[in-house]
Amino acid sequence: MNYAALSLLTWKTLLNRLYYTIGEVSQITGIPKHVIRYWETEFTDLKPMKNRAGNRVFTAKDIDIILHIKRMLKEEKYTIEGAKEHLK
């Protein structure tokens, strides 16, 4: 699914879901899956649950945290250590 071309109504429907896969989160946030997995090891606030199959399931709160980390690292030019301190 191409998330960049979604209408506002579709976004509202999508954001009303309880859980998202790592692939969906990657497309929504524009962050590659391997980077999201790495950020899980670096940022203690980012702890997605795992389902019975062991797959990560992200909530809207997790997506907000990822977008906040992205903004700090990409736009505000924090280092990973600086972003960790800011999140504390």
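Met-49 is partly exposed, with 42% relative accessible area. Partly exposed covers the range between buried (under 20%) and exposed (over 50%), using a 1.4 Å probe and protein chains only. Met-49 belongs to strand 1, residues 49-50. Together with Leu-18 and Tyr-19, Met-49 makes a nonpolar surface patch of about 330 Å². Patch members have over 30% relative accessible area and no salt bridge; like charges are joined within 9 Å, and nonpolar side chains (Val, Leu, Ile, Met, Phe, Trp, Tyr) within 5 Å.

## Model and conventions

This is a predicted model: local features need pLDDT of at least 70, side-chain atom pairs count only at pLDDT 80 or more, and totals for chains, interfaces and linings use all residues. Residues are numbered from 1 along each chain as its sequence is written, and side-chain values use heavy atoms, with hydrogens and water left out.

## Overall architecture

The chain holds 5 helices and 2 strands. Their order along the sequence is α-α-α-β-β-α-α. These elements are DSSP runs numbered from the N terminus: helices are H or I with at least four residues, strands are E with at least two.

The chain has 88 residues, and 31% of them count as buried. Accessible areas come from the Shrake-Rupley method with a 1.4 Å probe; for residues, only the protein chains shown count as cover. Among contacts with a separation of 6 or more, 44% join residues 24 or more positions apart. A contact means heavy atoms within 4.5 Å.

## Helix 2 against helix 3

Helix 2 spans residues 22-29, and its axis comes within 9 Å of the helix 3 axis. The two axes cross at roughly 105°. Axes are lines fitted to C-alpha atoms, for helices over the stretch in contact; angles run from 0 to 180 degrees between N-to-C directions. Helix 2 and helix 3 are therefore roughly perpendicular. That label covers 65 to 115 degrees; under 35 is roughly parallel, over 145 roughly antiparallel, and the rest oblique.

Which residues meet here? Helix 2 contributes Ile-22, Gly-23, Val-25, Ser-26 and Thr-29. Helix 3 contributes Lys-33, Ile-36 and Arg-37.

## Glu-40

Glu-40 sits in helix 3, residues 33-42. Is Glu-40 buried or exposed? At 12% relative accessibility, Glu-40 counts as buried. Beyond residues up to four places away in sequence, Glu-40 touches Leu-46, Lys-47, Pro-48, Arg-56 and Phe-58. Ile-66 is 26 residues from Glu-40 along the chain, with 9.5 Å between their C-alpha atoms.

The side chain of Glu-40 also forms a salt bridge with Arg-56, at 2.6 Å from N to O. Arg-56 lies in strand 2 (residues 56-57) and Glu-40 in helix 3, so the pair ties together parts 16 residues apart in sequence. Arg-56 is partly exposed, at 24% relative accessibility.

## Other salt bridges

The whole structure contains 5 salt bridges. Each needs a side-chain nitrogen of Lys or Arg within 4 Å of a carboxyl oxygen of Asp or Glu. Lys-84 and Glu-42 form one of them, at 2.9 Å from N to O. Lys-84 is in helix 5 (residues 80-87) and Glu-42 in helix 3, so this pair ties together parts 42 residues apart in sequence. Salt bridges with shared partners join Glu-42, Glu-81 and Lys-84 into one network. Lys-84 is partly exposed, at 22%.

Arg-17 pairs with Glu-24, their closest N and O atoms being 3.0 Å apart. Arg-17 is partly exposed at 33% relative accessible area, whereas Glu-24 is buried at 16%.
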